[in-house]
Amino acid sequence: MAKIVLHLEDGTTRDFALTKDRFTIGRRGACDIVLTNLAVSAEHAAILTIPPDSFVEDLDSTNGTYVNGRQIKRHFLRDDDVIEVGRHKMVYQLAEGAPLSVATTAAVDATESSVGIISGEPAPPVAPSAILRIANGPNAGKQILLERETTSLGKVGKAVITITRRPHGYFLAQLEGADPPSVNGKAMLGAPYPLFTNDVIELSGVRMELRLEGAAQEGRQ
């Protein structure tokens, strides 16, 4: 399990395990990490986790959120990233032996709108097997096998989504990017979105069709 290591002004540290999907940072007492400095907004930032991946999002704070010295709106977190909120610094750390999120070289498209498999973990055989078939661009016709519990797709720093395999099906969530992905032409906003066979996902101009094994006739109603 990943954690946040908060570095205090007296030189000590405090560890916060990321045990929830949404972990808040701010001055308000209800936040998971409470920082009392006036430079920190009431609800300053949040860390969202869809195992094994996490990203930090600035919650329209007054003074901004920084990662490795760069101001961000959303940022896909990697091991040892330094998050700055007000005068406070904290480090994102993966648990020893945890799977890493590493962008592969097998991109779907060579442009900035490329989509590549970023990460995932082997999944138990719970939901039917699924594949994504790329429908346009230079790699039209190629297929991505969704054989992992969580598969992240996209280009870090541009647009990233995850498709999570759960016992009752597959779910799409946005991790990074200003523009939401779409499903069947409709922008996907908010909570993880259930996927059905024949759904068409579009990410940064790349369209992908989902096919579930043994579910050829069970599309979205």
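Is aspartate 15 buried, partly exposed or exposed, and at what relative accessibility? Aspartate 15 counts as partly exposed, at 45% relative accessibility, where buried means under 20% relative accessible area, exposed over 50%, and partly exposed in between (1.4 Å probe, protein chains only). The model is predicted, so local features need pLDDT of at least 70 and side-chain atom pairs count only at pLDDT 80 or more, while totals for chains, interfaces and linings use all residues. Residues are numbered from 1 along each chain as its sequence is written, and side-chain values use heavy atoms, with hydrogens and water left out.

**Salt bridges**

- Six salt bridges are found in a search of the whole structure, a salt bridge being a side-chain nitrogen of Lys or Arg within 4 Å of a carboxyl oxygen of Asp or Glu.
- One of them joins aspartate 15 to lysine 3, with the closest N and O atoms 3.1 Å apart.
- Because aspartate 15 lies in strand S2 (residues 13-17) and lysine 3 in strand S1 (residues 3-7), this pair ties together parts that are twelve residues apart in sequence; strands (E, at least two residues) and helices (H or I, at least four) are DSSP runs, numbered from the N terminus.
- Lysine 3 is itself partly exposed, with a relative accessible area of 27%.

**Links between distant parts of the chain**

- Glutamate 57 and arginine 74 meet through their side chains in a salt bridge (3.3 Å, N to O), and this pair links strand S6 (residues 53-58), which holds glutamate 57, with strand S9 (residues 74-76), which holds arginine 74, 17 residues apart.
- Glutamate 57 counts as buried at 15% relative accessibility, whereas arginine 74 counts as partly exposed at 27%.
- Aspartate 60 and lysine 73 also meet in a side-chain salt bridge (3.1 Å, N to O), which links the loop between S6 and strand S7 (65-67), where aspartate 60 lies, with the loop between strand S8 (70-72) and S9, where lysine 73 lies, 13 residues apart.
- Aspartate 60 counts as exposed at 66% relative accessibility, and lysine 73 is partly exposed with a relative accessible area of 37%.

**The sheet**

- Six strands form an open sheet with antiparallel pairing, in the order S2-S1-S11-S10-S7-S8, where two strands pair if DSSP finds at least two bridges between them.
- S2 and S8 stand at the edges with a single partner strand each, so one side of each is left without a neighbour in the sheet.
- S7 and strand S10 (residues 82-85) run antiparallel and are joined by three bridges.
- Tyrosine 66 stands opposite glutamate 84 in S10.
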